[in-house]
Amino acid sequence: MKSHIGLVGRGAELERLLAAVVHPPALAVVEGEAGIGKTRLVSELAARAGRPVFLGRCAHIREPFPLGPLLDAVRGIGAGAGTGLGANGPLSPVTGALRPLLPELAGQLPPAPEPLEERAAERHRIFRALSELLGSLGEVVLVLEDLHWADEQTLAFLGYLMGEPPPGLSVVLTFRGEEVALDARTIAARAAPSVSRAQVALEPLDVAETRELMTAILGSEGVSEEFAAHLCERTSGLPFAIQEMVALLRERGTLIRRGRGWARKAIDELNVPTALRDSVLERVGRLPAGARAVVEAAAVLQVPVPVAVLVTICGLARADALAGLEEALRSGLLSEHTALPRGAPDGSARAAGVGFRHMLALQAVYESIALPRRQVLHGRAAEAVERLRPVPIGQIAHHLRHAGMMEEWARAADRAAAEAGRHGDDSEAARLLGDVLREAPPEGELLEDMAVRFGWASVQGLHAQPGFGQMDDLLRRDLAPGVRGELHFLYGLLLERAGAAPELRREQFATAVRHLDDRPELAAWAMVGLGVPTSAGVSPAEHVYWLDRALETAERLGGSPSLQLSVLGKVAMVLTTIGDPRWTALTERMTRLAGGRPESRQEVVAFWSVGDESCYAGHYAVSERLLDAALRGGLKIDSSRRLEYLIRSSLAVLRYFRGEWTGLADETALLLDALDEQPHQRVTAELVAHCLAVARGEIEEGARRLRAAVGRAVEVGAVDALPPAVETLLRLGTVRGEPPDEELIGMLAGWRAKGLQPLAVRALPALAGALVAAGRTAEAGRLCAELERELDGLDAPLAPAALAHAQGFVTGDPERFLAGAHAYDELGGRYEAAQCRALAATALLDGDHDDTGGHDDGDGSGDGSGDGDGSDPGRAGALLGAAIAVFEELRARWDLDRAASTARRHGVAGPVRYRGGTRGYGDALSPREAEVAELAATGLSNREIAKKLFLSPKTVDKHLSAVLRKLGLRSRAGLGQRMGGSG
């Protein structure tokens, strides 16, 4: 077989990847199933990139070591890698944090900084350091293969890196699409706008390409079309499978040279295996016994290892094992690997090692080994790899488990989980501990210790599985009271994170409190959980009781200011929602304890919590201050960006309430993508996005999505986020002439029962309008009066505006609407203020009120021109003009259409600028059309443009059609030249 086979059937894909990586910063993604040729394509890319390439591979057997694949990729810097540290100038001092992780480069790195107490902050500093290191290399390519096996921190770092990549860096990622985590898929979507992108999904070879590949393997022309079609069908067009089958046919003597071509013996009778597995095993069966033993040992090891390790576990004399290894290498099943994962002797990344050429062949051989022999080989492997330095604890645990040595496995997995926890890889720790607790749980104190650490790792891990079933199993065991209480508390947090029913969470927190007499710090947290008003049937007084107990418990701790601050924040958060004025003093105290700048994760979460709830209650200025501080702190400590996305979701709510809508649709689209695996946290961004869509005229689709999001919010108990969505749905139903939605009316009653009047009042105007439109004016009046009494004495800044707004519907008095407008103005609620002015204008024009004329509405429109019959066109026109100006700025199409219709119906002229429809640009391109045109001119597909601009492909197609029409083009073929020429 030829030693090197040219790239077949991937020319277009290679050119797309090259076009991206030579214009850094860039991100290229190669997706495809096992055996499709990802590694071969990337190898060709590296050969033609014209710049240094650093390669790292994610391993199937993980080690509890952070960023292993990335560190392996950069170990060769300065030693024959074609570049060196500091090619772009002196190294940043922060890169010294990499010294413990890259001892090979310690002499070239700055001194190590002092360690940080906060684990999240330390991890963030490592991310910064690695990004700075990559940026120091100039124009280089970083290749990470098999991202479907990547650990949590590697994925988190890639998201961090591509959010603000070094200018000379190109990153190439490969993965199996059917196995990869969502975070790997969304790295490209979250990348900075400056990043050049290319995404390639490799497809199987067709018959012609199969024939070309066979010709290259056999070294001559003449492969028949029939032969190629037969093999293409049998191998499903997988390049690796084609190579394996051709190799097998040659070994069996089935291939015969006829004249200038190749043919098959008795093509209809040839028993060609239908599965690659059979092909690989037949090839292995033809090897001498020594070579078969080596191949089986390599299959058990799974990862490439030094030759000495492979020879040790074969069970052969050294000379026989080496001879067998040579034969296995000649067969092409095994190959030499020069870049080993961690565990190579002395940490050398360039030490020679041996492993399978392809994972599919490895799996086929491994599954063929009888269980008794497999267990023996795993036992030998555990002993052999333990002698490597640094010790690959993850591999040891893996081999002990599959050797059936369960007690030894439990101890090794416990060591590996502890190591993972020290490095902040909580998801890996949860996986390791969870496997032991499920299959081989220890007894006594070790069980309790592992169970608690499993619970914490599950809560803290970004992608840890919830583990509900295992928590149930653990709680059925005989546990010490404190351990039982801690597990119930952690169970409640897991349920909260997963968006489970509030009643289930409350049950776990209540049980936890009963068992945590000796753990006041955890008891205080559980009490806060009981104080959050999300469960039905629990009185506001009971919630306040638990909040007071949480404060008392936290005060007794004394020596834990961080915990005190955190409890203060959570209690203040809840008090804000019920209008208890004590929240202000608690917030001020929390801010003082943090010095105004939250730095630890607990502090950041406390600031975010209060900032989030104060926004819904109408304390917009306080909310902005707290959320901005939380975001600054979160960016410093949270390299995974999850906390950043949650804070940005709250800021998106604030922007929506304040009428700061420019760019908000794009922001919420990014948040929805980034939080796709977090249904409980994602719902906030969902509700904002769909409320905004309805306001901007996407009535049918926006309302459908909004109603679905409301259902999800109800399921997870996100009651604070619901009032603006309910308000939008009620307004929409009124405009459509539908009767008031009783389910939505019931939600308002439920919030009142929970004591959430400061939040619930936001939906009151829309509900009052719906009731009045349905002829239920008296009911609307009673509702307004009841809420006004309930809000009396509460800290509810939204109440004056919302009550006046609602009373305007009940009384028909434009002055009540104007009072609402002024109150909204003071809060900063521009959208609602504009609605009130439009409603006041409508009431003035309808003339069914006692107009006294000459009122100053704050817009300079009080001109005293009432005409005595209750109608005041001049004043109404000024109000409509003011409202329309805001609606136009916000692109609030729904409200614009109705305001313009009111103006036309009453013949109001002058102040009204809007005449309906979208803003026209004539034959010129609109700003969005210009963006689409520029991207299409670079060759991006509609789907790629949609992803880049946060649009739907259908919307992109509409814009592109308009572009071609305006530019007089028949197709997008001439767009590149035209756009280039227009400069």
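Guide: Let us start with a word we will need: buried means under 20% relative accessible area, exposed means over 50%, and partly exposed lies in between, with a 1.4 Å probe and protein chains only. Helices (H or I, at least four residues) and strands (E, at least two) are DSSP runs, numbered from the N terminus. This is a predicted model, in which local features need pLDDT of at least 70, side-chain atom pairs count only at pLDDT 80 or more, and totals for chains, interfaces and linings use all residues. Residues are numbered from 1 along each chain as its sequence is written, and side-chain values use heavy atoms, with hydrogens and water left out.

Visitor: Which residues of β1 are buried on its two sides?

Guide: In a regular strand the side chains alternate between the two faces of the sheet. Here A26, A28 and V30 are buried on one side of β1, and L27, V29 and E31 on the other. Six of the six residues of β1 (residues 26-31) are buried, so the strand is largely enclosed by the rest of the structure.

Visitor: In what order do the strands of the sheet lie?

Guide: Strands of a sheet pair through backbone hydrogen bonds, either parallel or antiparallel. Two strands count as paired if DSSP finds at least two bridges between them. This open sheet of five strands runs β2-β3-β4-β1-β5, with parallel pairing. β2 (53-57) and β5 are at the edges with a single partner strand each, so one side of each has no neighbour in the sheet.

Visitor: How many bridges join β1 to β4?

Guide: Six bridges, in the parallel sense, link β1 to β4 (residues 169-175). Within β4, F175 is the bridge partner of E31, while V171 stands opposite L27. β1 also pairs with β5 (residues 196-201) in the parallel sense over six bridges, and there R197 is the bridge partner of L27.

Visitor: And the helices: at what angle do α12 and α14 pack?

Guide: Two packed helices are described by the angle between their axes and the distance between the axes. Axes are lines fitted to C-alpha atoms, for helices over the stretch in contact, and angles run from 0 to 180 degrees between N-to-C directions. Helix α12 (residues 289-301) and helix α14 (residues 318-331) pack at about 80°, with axes 7 Å apart. That makes α12 roughly perpendicular (65 to 115 degrees) to α14. Contact means heavy atoms within 4.5 Å, and the residues making this one are G290, A291, V294 and V295 of α12 with A321, G324, L325, E327 and A328 of α14.

Definitions and conventions. Parallel < 35°, antiparallel > 145°, perpendicular 65-115°, else oblique.
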